[in-house]
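Trainee: I would like a close look at a single part of this model. Please take me through it in one go, then connect it to the rest.

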Amino acid sequence: MRMANVVIISLVQQSDTLIWREAAASLNEVTGALPVQLFSGSDCSRQATCPGLCGNSYCKCPDIESSINQESFVIINLVNDRYVAEWLIEIINQKKPKGIFCFACMPELMQLTRIGNYSMKNSSGGMPGPLKKILTFFSGGREEDVIYVYSKLSKITARLLPFIPKKYKDVTNWINIVLYWGQPDVYNREQLLRFLAREIFDLDVTYKPVKIIPSIGCFDPFTGEIFSSPDDYLSAKRNEQSFSSAKPMIALLVFRQYAIERQPFIQDVTERLSAKNLLVIPIFASGVETQVAVRKWLLQKKIDCIVNTMGFSLVGGPAIANTPGLYKTQSGELLTALNIPYLVVPPLVAQNRDCLECAFEKKKTCCGVGVDSFQKVLMYDIPEMDGAIVPLISGAMRQNLIQGIPDRINQIANQVSGWVNLRKKNKSQVKIAMVIYNFPPGQGKVGTAALLNVPLSLISIVKRLIEEGYNIENFPQEEETCKAMISRFDEREAPNQASVQDYRKLLNHANQARIDAKWGNPPGNIDPIDRQTIRLNIQEFGNLCVGVQPVLGVPGDPMQFCFDKNFTPHHQYVLFYRWLKELWQADVLIHVGMHGTVEWMPGLQLGLGSLCWPDILLGDLPNIYLYPLNNPSEAIIAKRRANSVIVSHMLPPYVRVGDYSRIKEMRAALSHTDSSLEQQFFDLTRQPHETDSDFKKRAETYINDIEEHLVSIGLHVFGKNYGTEEIKAYCYSILNVNGSEKPGLAELIQRQVACDKEKAWQLSCQLIDASVIEQLNCKKAWQKIIGSDFPCPVDELTPIVEEGLRIAHHCANNQHEADVLVNVLAGGYVAPAPGRDPLRSGSIALPSGRNIYGTDPWRLPGTIALPRGKELSEQLVQRFQQNHNQQYPETIAITLWALDTIKTEGESLATILSLTGAEPLYDGQGKIYKYQPVSLAKLGRPRIDVCVDMSAIFRDSFSQLVNLLDKLFIDLSNLEEPVTQNYIRKHYLEALQSGISEEEASSRIFSRPPGRYGNGIDQLIQESAWEEEDELEKALLQTSSFSYGGVKQGKPCPEIFKKMLSTVDNTFQIMDSTEYGLTDIPFYFSSSGALRMVAERISSKKVDLIYAETYAGKTKINEAKELIAREVRAKLLNPKWHEALMNNGYAGAAELGNQFTNLLGLAAIEKNIDKWVFDEMAENFILNEEKRQWLEKANIKALGNMITRLLEAHNRGAWDADEDMLKTLESFYDDIEDKIEGINNANNT
């Protein structure tokens, strides 16, 4: 028997459960003929049939399905998951309920709305077009304010309802339901149920008119009283004893519904902020009109900080959650006008507080994530596009209420107080702690950072701070004296120290016990002064101190950090940060450059708790992080795990390699016909049966590739404007990159003039000089450089020149970085920007001095990345076939980084989809909700299996993409296709036959354990802490065999990981920018390189290591050996490149030493680097007396490291050095060691 009922499905919304229950109980007292069944996140049955497939705990809940029948009225709220939506649509179509009302759902569900004969079936599911036009007019043309105007018209609409003709009854009923629904208190919820009983089910029940609640307003969290404006609220509070208009004012933004429900967490946050002597103004909004409250009220008041507990975007709120960043410009303009800290600290309404606290305390092995993937996007990814900072959690669900988490709310209040303190405190009294780095220690790298000249940047920053009125005394103002100051950190003399007794006071007993259990009683064995005193590498300069972040773990045993589940920072590391905060009483931290180690300490991935080490170490201290503008992925980790405000800095200029002396020699040799050609081109190995003509053609291509290659030269000085030559270099490089649809300038000229590539390049540079530097208009510049014989392509040239002018302007104004730093030190706002690569994205990546963020996670891979991924997959397959008698590779291992995913909009993802034979499917909002296998007929070849080595940052940043990929591999494994045409299924069935479970057999996505970062191989090699390849293999297998996706979420799966590696034919990785080449950073050899080495060892077959360069407008793949050779020619041996580093003194020498270390790492992993590479590096830098003497003067420890790496390469069998050269290097090594020892002794006496 079918029974009339109201079914409310609100899987995400749990907080209104009690209100609905109270309203339903009141209805039941009037009539028992209309039961109400509520399905919220807390009530829904967990007997789900498919959470392992889609990762949604409530998908296909049987209780929902059984509750709906033809006499049901169904209300669906906030369902934007396509899997759940498809299932609900199927149920609705099958059960055909009496009526349906959908609110704030995806369009496919909104179209189900049906009240009697009124239906939204043929609509888009959104606001009718004519109505939206009228509302846009009344909103003053502001599209983002349309919904606010609509809500204001609700009062008028409610009054007009009695006058609507009866023939429009169904439309009137829909409007009534909308009006009731929009007022989420007990009264209106009860009247809505009564209305449905009377008008839909024709029961003898009365109902009252809707009571309109203001869409924005102020409220008292403790009494529930509502005020029409902040002025009214403050007037009502003036008589309270604690009120003082002199207190700093904090705007607390809260969802209107939570304010109406008087959720407990709001009281907790208000109480703790007030206890910090802050005047809190609680403001509610439904979310879609928050910007109106900010514009209308906050711009008119002296607000010192905004604390937003809503998440989402400041402008548009939940209404644009599916199009992240839609109104980011409007948000940025509002917040820039306010110029105050903007903290977004939402409660987790889809997570239970008990479960969250279990994660904080790591009571279960599965814990380590913190915030789930769905809320991560809404509550953190999207607000970061507005420039939000300090991503803390204010509460979570418990017993159908949003309850505050006391420890987290204390941290929020302390952070707010800290930022407000910077606004109020006199600059001369503000104490600033700058943190620099020294990793690996003892290699001349103290005070270095990626792409940044740290000594000169410190001088530049300090000069500006002194000008601004900060009290800084006796800081070295010249490069040599600053270098000397930094060098002292690397010596035995301790600039500062603390007693064990004082150290004990800085931590609670529980955390101290954790450290003692790991490292013994303080001071421990890492760099103590004596048994009662701990060394501190901190120097004080008035109200500035500069300190070197201590090393991470025990030198010589770096793998402890990766392997030890109970790893803690050691005593000196903990003391360093707590001393700065508690004993020196710093007001703010500045981490100088990319990057330190504190944000990588063990703890949750996002939403850290009081037992997470970054939280313990940094506490509530405001933290500013200087970061290169092209690395959003690691900057996001600093934001989310170290509560950092990012201030991005510019990159060094790019230059074309060109034809330096060695390149000229090789090009001249092309005219030779004898054997000297092969002798000149010892970079290249003649292939079997290769003719002289073919070899010469390949050699010419090699030379052209080197000449045309772009390299980043020198190091950036923070806040330094670029001069004309540097601006030219930037413009020459960027404006000549070919886009996906538009040609670069050189290609445009080549097409118009019909000249060769080299001539086109030269003309392009001259044209840039004329149009961008001299600022002639396009036609005059073209006529001056190209001449009147060739027509000027004005329509194509104009946007290129305009782009060049933008780039030139930003390059000439890098002082903006320092302006922003000064502003944020005074408690100001840092405008957001996407973290991008100027070479790839042009002026979109500029200016620097921004709080950089990632990308829209709903739409990866992007539309441009998809065809490029297909190109790369085809190149990979074709290359393998050429070398393997037209056979297809069965498995390609791909390293997946967040950095290249953000900057390329998912080219690696697109490559995976193309290899496996899949494509993205889009929902009605344009989001990718599934990766769908294509037919074998469409694919035209077998499906290639993929073993994904996922970086921990990708794991943290794109967890919803991991679920989509995992679901794809499950689908591919279960396709009924011949195993000769589906290698994923082939390997899946083989794994099942070997006894591996179904869940693990389909696993293809592997990474580090939850909350852990890195595989440690880079540290093993950098610290020379390994003897045999077995140790490197063990490190990879132990740290990287954790499976992700669906319900796995970091499950240890060593068997299937090894089994997958045994099938690998190629390893592959995308290189997303020229700044980070193979020899520039250690992470290529420690990730894709190590993956290849282990796959080769396990499979006992040759496995190629292939990289793709996609940053210069075209896709190109090369084997690692080829690419290393070209990089060495293009950079290390190129005078233009290494002389630019030499101009950077100490920091430049450190970077040269870094190149030697990374080359050794590549040799350890790749094993077949040519002898000439090490020969020429030794001859060019060590045996060259002039350069060796410069290195010794600039950074003697960097020189020692370079010599050590060459000797290590020989000792490990990576380089067969000539005997005479070996003896010379050993002699130099002994001499340098003696000099370093002498310097240390002199400084310690």
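What is the strand order in the open sheet of 8 strands, and which kind of pairing does it have?

Mentor: First, a caution: this is a predicted model. The order is 35-34-33-32-29-36-37-38, and the pairing is mixed. Strand 35 (1051-1052) and strand 38 stand at the edges. Each has a single partner strand, so one side of each lacks a neighbour in the sheet.

Now look at the pairing of strand 33 with strand 34 (residues 1042-1043). These two run antiparallel and share 2 bridges. S1007 has F1042 as its bridge partner in strand 34.

A helix covers part of this sheet. Helix 37 (residues 865-883) packs on the sheet and touches strand 29 (891-896), strand 36 (1064-1071), strand 37 (1104-1109) and strand 38. The direction of helix 37 makes about 40° with that of strand 38.

Take K1116 and D705. Their side chains meet at 2.5 Å, N to O. K1116 belongs to strand 38 (residues 1116-1119), while D705 sits in helix 29 (residues 692-708). The two are 411 residues apart, so this pair links distant parts of the chain. K1116 counts as partly exposed, at 21% relative accessibility.

Next, R1008 and D949. This salt bridge spans 3.2 Å, N to O. D949 is in strand 32 (residues 945-950). R1008 lies in the loop between strand 33 (1005-1007) and helix 45 (1017-1022). The separation is 59 residues. Both R1008 and D949 are buried.

The structure holds 69 of them. One joins R640 to E384 at 2.8 Å, N to O. R640 lies in helix 26 (residues 632-642) and E384 in helix 17 (residues 373-384), so the pair ties together parts 256 residues apart in sequence. R640 is buried, with a relative accessible area of 6%. E384 is buried as well, at 5%. R640 and E384 also belong to a network with K376 and D381, joined by salt bridges that share partners.

For comparison, turn to another strand. Strand 10 (residues 279-285) is mostly covered, with 7 of its 7 residues buried. L279, I281, I283 and A285 point one way. V280, P282 and F284 point the other way.

Strand 10 pairs with two strands named here. Strand 9 (residues 249-255) runs parallel to strand 10, over 7 bridges. L253 stands opposite I283 there. Strand 7 (residues 216-219) runs antiparallel to strand 10, with 3 bridges. In that pairing, I216 has A285 as its bridge partner.

Last, a helix pair. The axes of helix 33 (residues 778-785) and helix 34 (residues 794-811) come within 10 Å and cross at roughly 100°. That makes helix 33 roughly perpendicular to helix 34. C778, K779 and W782 in helix 33 meet V794, L797, T798 and V801 in helix 34. By class, the contact has 5 nonpolar, 1 polar and 1 charged residues.

Key: Residues are numbered from 1 along each chain as its sequence is written. This is a predicted model: local features need pLDDT of at least 70, side-chain atom pairs count only at pLDDT 80 or more; totals for chains, interfaces and linings use all residues. Side-chain values use heavy atoms; hydrogens and water are left out. Buried means under 20% relative accessible area, exposed over 50%, partly exposed in between (1.4 Å probe, protein chains only). Helices (H or I, at least four residues) and strands (E, at least two) are DSSP runs, numbered from the N terminus. Two strands pair if DSSP finds at least two bridges between them. A salt bridge is a side-chain nitrogen of Lys or Arg within 4 Å of a carboxyl oxygen of Asp or Glu. Axes are lines fitted to C-alpha atoms, for helices over the stretch in contact, and angles run from 0 to 180 degrees between N-to-C directions. Angles under 35 degrees count as roughly parallel, over 145 as roughly antiparallel, 65 to 115 as roughly perpendicular and the rest as oblique. Contact means heavy atoms within 4.5 Å. Ala, Val, Leu, Ile, Met, Phe, Trp, Tyr, Cys and Pro count as nonpolar, Asp, Glu, Lys and Arg as charged, and the others, Gly among them, as polar.
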